[in-house]
Amino acid sequence: MPDNTDSNDTIGTNHKFSSVEEVLNKFSAVEGKTFREIDKTMRSRNSKNKGRLGQIVEESVLGYKINSDKNPDIVAGGVPYELKVTPLKHIKNGKVSAKERLVIDIINYMEIVNEKFDTSTCWNKAQRMFVVYYYDDRTDPKKQPITDCHLEHCNLMEFSEEDLRIIRDDWQKIHDKIASGHADMLSESDTSYLAACTKGASSKTMRQAPAPEGAPSPTIQAKQRAFSLKSSYMTATIRRLLAQSNAQVQNEQPERLALTAEQTLNSYVSSHMKPFIGMPVREVAAKLRIAATQHAKAFNSQVALKMLGIRGKNVSDVEQFDKANVTQLKTTLIYADGLPKEHMSFPAINAEQWNEIADPNVEWEDSFIYHFFEENTFLITVLGIDSLPKDHPDKKNATIRGGFLWNMPERDIENYVHPVWQKLHDTLVAHQSFHYYGTNKGLPGPAFNKVCHIRPHAQDKNDTIVLPNGDEIPKQSFWLDRQYIGRIIRENIAGFDNNQR
C-alpha cells in the first residue's frame, strides 16, 4: 500500500493507510508543534478559512488533498474512519477542559425517522473516529492566530459499554421527538451525552422536518441541528486519556454512580430516591449518618446527594453527571398548596454578561442565558410539608417527595426566557434607564410573563453593579416563578398532587 509520506513536499490523493498505528504514528511525529509549523500548503495564511486546521491536518500530516465528498475521511487497515479536530483549554488548578462540543453530523430530519441506532448515519460516523486534540489557550483570539495553537494528541474515540448505552438512549430520544413531529422543540439538554446542537451558517438556518400527526402540512421548519458529543462529555474523555499516563491525575478521578446495565441517569435518580419517599428528612439524615444540623445551609443538599449514594458535595463531583452537564442541585420545599414559597434563583448576572446583553451585535441564540438553559440539566429534589407558609410550619417535619433530572423545554426557553432577555437587550442597546428606583421599574419582574423574570440576587442593598447604561442597581439574576416550579414537579413526580403526604 502506498505511503502518503514518501515526500514531505508532496500532497497526494490517497486516503488509505495500512493500519491504525500508521495514522497515529503520523500524529505522534507532530505532537507539540503549532499548526503553522506543520502547514505545508500555506492554509494558515487564510485567516477567513474556518476549516483551515482540519485542512492542515489532512494535507500536511496525513498527506492527502482535501475534498468535499461524503466518503470517510480515512481508511486504515481496510476500515473507514472519520477525522475530527477539536480544541482543549487549561482552566483553574491547571485542569484541562474541552473548549467545545464535538460535532458528528448534521441531522437529516426526514431520513432519521426510518433509521435504527445501530445502522444510523450518526453511529456509522461516531463509532470510528480519529480525534485530534489541540490546546487553544489564547487570551486574545482577534490578535492571536488560531494556527499558533499546539497540536496535543490524536486517539481513536472509544465508548465504554455504559456510555454507549446512554448514547443509544440519547439517540432514541432525539429520534422519537423528531418522528413525533417536534423537531422544532429539540434542545441540547434533552439528553445526557449525545446532543442535538444547533448548527448552521447562523442560528436562523432551518430545514424541513416531519410535522405532528394531523397537522395541515406534512412538514414543519425546524432549526438545523447536528448530533454532537457534549463538551462536558469530551472534557471527561480527555481527562481520562490524560489520567492513563499520569499517576497524580489518576488519583483525582471523579466519583462514579453504580448504574446497572438497564439504568439511565434519570432512572438511577428515581430508584435511589424511592426507598426514602415519605420519610422525614431528619430520619433520612440519621439513617445516612449525616452529621450536619437542620439549620446548616447545605443540609438538604447533603441529604439529597447521600440518598443517591454520592460521597462528594457537588453533583459535578460525579463522573456521569459531569459528562451529562448536570450542573446544579436544586432542593425545593413544597407546601400543602403544591407550591414552593419562593421563586427559583440562578447565578447573579456578572458585569461581562451585562455587557453582552447590551451588545447590539449579539443575537438571542448567542446569549449566555440561552446557552445556559439550552445546555444545562438540573437535579431537582423535592421535600414536602403538610401546611402553608402562613402557618409557620416546622421545616424539620418536611418529608422526601422525590427527585428527577430536568431541563427547560425549548418551547419554554423561547416563550418565557427569550422575552426577558429581549426586554433587557433592547433597553440597554438604546442606552435607556431601567428607572429601578422609580414607581414604574423597567426590569421585567414577576408579573412580566409568570414564568421567568429578573429580580435582586444581592447580599444586601450595598451589593450593587453598574450596568452598561450607567444605572447602578442591586445585583440581579434570572428567576423562575414558583407557580412554574410547582408545575414542573407535578409533571415529573408520579402521583404528586397538592394533598400528597
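Q: How many aromatic pairs does the count come to?
A: It comes to 19 aromatic pairs, where rings of Phe, Tyr and Trp (its six-membered ring) pair if their centres lie within 6.5 Å, and planes under 30 degrees apart count as stacked, over 60 as edge-to-face and the rest as tilted. By the way, this is a predicted model, in which local features need pLDDT of at least 70, side-chain atom pairs count only at pLDDT 80 or more, and totals for chains, interfaces and linings use all residues. Residues are numbered from 1 along each chain as its sequence is written, and side-chain values use heavy atoms, with hydrogens and water left out.

Q: Why is the pair of F159 and Y233 called stacked?
A: The planes of F159 and Y233 are 25° apart and the centres 6.4 Å apart, so the pair passes both the distance and the angle test. F159 sits in the loop between strand 7 (150–156) and helix 6 (161–179), Y233 in helix 7 (residues 231–243), 74 residues apart. Helices (H or I, at least four residues) and strands (E, at least two) are DSSP runs, numbered from the N terminus. F159 and Y233 also belong to a ring cluster with F117, W123, W171 and Y193.

Q: What makes F346 and F373 an edge-to-face pair?
A: Here the planes are 80° apart, with 5.3 Å centre to centre, so the angle lands in the edge-to-face range. F346 is in strand 13 and F373 in helix 14, so the pair ties together parts that are 27 residues apart in sequence.

Q: How do you know whether F346 is buried or exposed?
A: Buried means under 20% relative accessible area, exposed over 50%, partly exposed in between (1.4 Å probe, protein chains only). F346 has 3%, so it is buried. F373, at 0%, counts as buried too. K450 has 55%, so K450 is exposed.

Q: What puts a charge over the face of F346?
A: That would be K330, at 4.6 Å from the ring centre. The rule wants NZ of Lys or CZ of Arg within 6 Å of the ring centre and within 35 degrees of the ring normal. R455 likewise lies over the face of W479, at 4.8 Å from the ring centre.

Q: Why is helix 14 called mostly covered?
A: Six of the eight residues in helix 14 (residues 368–375) are buried. Those buried residues are F368, I369, Y370, F372, F373 and E374.

Q: Why do strand 13 and strand 16 count as edges?
A: They belong to an open sheet with the order 13-19-16 and antiparallel pairing. Strand 13 (344–348) and strand 16 each have a single partner strand, so one side of each is left without a neighbour in the sheet.

Q: How do you know that strand 16 pairs with strand 19?
A: Two strands pair if DSSP finds at least two bridges between them. Five bridges join strand 16 to strand 19 (residues 476–480), so the test is passed.
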